[in-house]
Amino acid sequence: WEFNVSFYQPSAFLMMGIPGLEALHPWLSIPFCALYLTALLGNCVILFIIKKTPSLHEPMYYFLSMLAVTDLGLALCTLPTTLGLFWFNVRRIGFDACLAQMYFIHILSFIESSVLLAMAFDRFIAISHPLRHPSILTKSTVLKIGLAIVLRGMVSLLPIPFLLKRLTYCGRTELSHSFCFHPDIMNLACADIKVNVFYGMIVLLSTVGMDFIFIVLSYVLIIRTVVSLATKEECLKALNTCVSHICAVLVFFIPMIGLSMIHRFGKNVPPLLNALVAYTYLIIPPALNPVIYSIKSSHIREALLRALRRKSG
């Protein structure tokens, strides 16, 4: 590629699937389809059960509804390009469409991080101040928290597409994944990307990084409260209400931190590992979260069984 102009922007990018396993893409689409189907059906069932069960109209389940909506959004963001590539080998995605997909993927990821923090705060209040819990987390308070979470994600990430559009690109158009990711697009530019790197790092640390720190702090305070409880049975009962949330936090944050580290510092990481971590980060949490909460939450499980009995009856 040679360019006689000082500014060049590709009309489209080419997405990659799983490096080295291109011939197996049709077969690999089967587990991906299963994961997407689990994510879509599982989160819709969670939302349906919470809506139809008055006893679940409380803060913990309102936040779980937010998590389910976010997971649905994440699954729907990556499903068309991933299955399009695996089924039909559709690798091309327009430049603006790529930026739009990237923006929504990152917004929903940041929203999920913030919702997990809100759920940690809910568990802390419920365990440490059970009598004040209903008065602290009222419906209006939960709604305000939800709106603040969405606005925080939208506003903090709004400059990212514009920072990418101002760059000139070298002619390389191959993305590392079957979806658009900010560091991946940024690394295709041949201009100075220090502003993009700096802003991306600041936003990541001030949102997801702070969320993770406050989640850990919440559990330190929860453990302090639980240790002070009188009996072992009370301790186990209190901790049992947190198991689902702890699993959701680990499933989301471990691959996200891994992918961020790979994109920033892992120049010699095998492309296959990069792809696997990326798919784990974006597809596994939406599929696993409804399964985790259906298994571990007795209220969700009982409401689901009642709904199934009514339908079969």
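A disulfide joins Cys 98 to Cys 180, with the two sulfur atoms 2.0 Å apart. It links distant parts of the chain, since Cys 98 sits in helix α3 and Cys 180 in the loop between α6 (159-165) and α7 (182-186), 82 residues apart. The model is predicted, and a search of the whole structure finds one disulfide.

**The disulfide and the other cysteines**

- The torsion about the S-S bond of Cys 98 and Cys 180 is about -120 degrees, so this disulfide is left-handed.
- Cys 98 counts as buried because its relative accessibility is 0%, and buried means under 20%.
- Cys 180 also has 0% relative accessibility, so Cys 180 counts as buried.
- Cys 77 is in no disulfide: the nearest cysteine sulfur belongs to Cys 180 and is 11 Å away, whereas a disulfide needs sulfur atoms within 2.5 Å.
- With 17% relative accessibility, Cys 77 counts as buried.
- Cys 235 is in no disulfide either, and its nearest cysteine sulfur, that of Cys 242, is 12 Å away.
- Cys 235 has 16% relative accessibility and therefore counts as buried.

**The nonpolar core**

- The largest nonpolar core has 87 residues, and the members that touch the most others are Phe 13, Leu 64, Leu 116, Leu 164, Tyr 169 and Ile 185.
- Helix α3 (residues 95-128) gives the most to this core, contributing 18 residues.
- Leaving aside neighbours within four places in sequence, Leu 164 is in contact with Phe 95, Leu 99, Met 102, Tyr 169, His 182, Ile 185, Met 186 and Asn 196.

**Transmembrane regions in the record**

- An unreviewed UniProt entry places the feature "transmembrane region" at residues 27-50, 62-88, 100-121, 142-164, 197-222, 243-266 and 272-292.
- In the model, residues 142-164 are 96% helix and 0% strand, and the end C-alpha atoms of this span lie 35 Å apart.
- Residues 243-266 are likewise 96% helix and 0% strand, with end C-alpha atoms 32 Å apart.

**Helix α11**

- Helix α11 covers residues 271-296, which is 26 residues.
- At 1.5 Å a residue, helix α11 should span 38 Å; its end C-alpha atoms are 35 Å apart, which agrees.
- Where is the kink in α11? The kink lies at Ile 284, shortly before the proline Pro 285, and is about 40 degrees.

How values were computed. Residues numbered from 1 in each chain as written. Predicted model: local features only at pLDDT ≥ 70, side-chain atom pairs only at ≥ 80, totals over all residues. Heavy atoms only, no water. UniProt positions renumbered as here; feature names shortened; annotations may be inferred. Helix = DSSP H or I, 4+ residues; strand = E, 2+ residues; numbered from the N terminus. Expected span 1.5 Å × (residues − 1). Bend = angle between axes of the 7 residues up to and from the residue. Core = buried A, V, L, I, M, F, W, Y, C linked by side-chain atoms within 4.5 Å. Buried < 20%, exposed > 50% of the residue type's maximum accessible area, 1.4 Å probe, protein only. Contact = heavy atoms within 4.5 Å.
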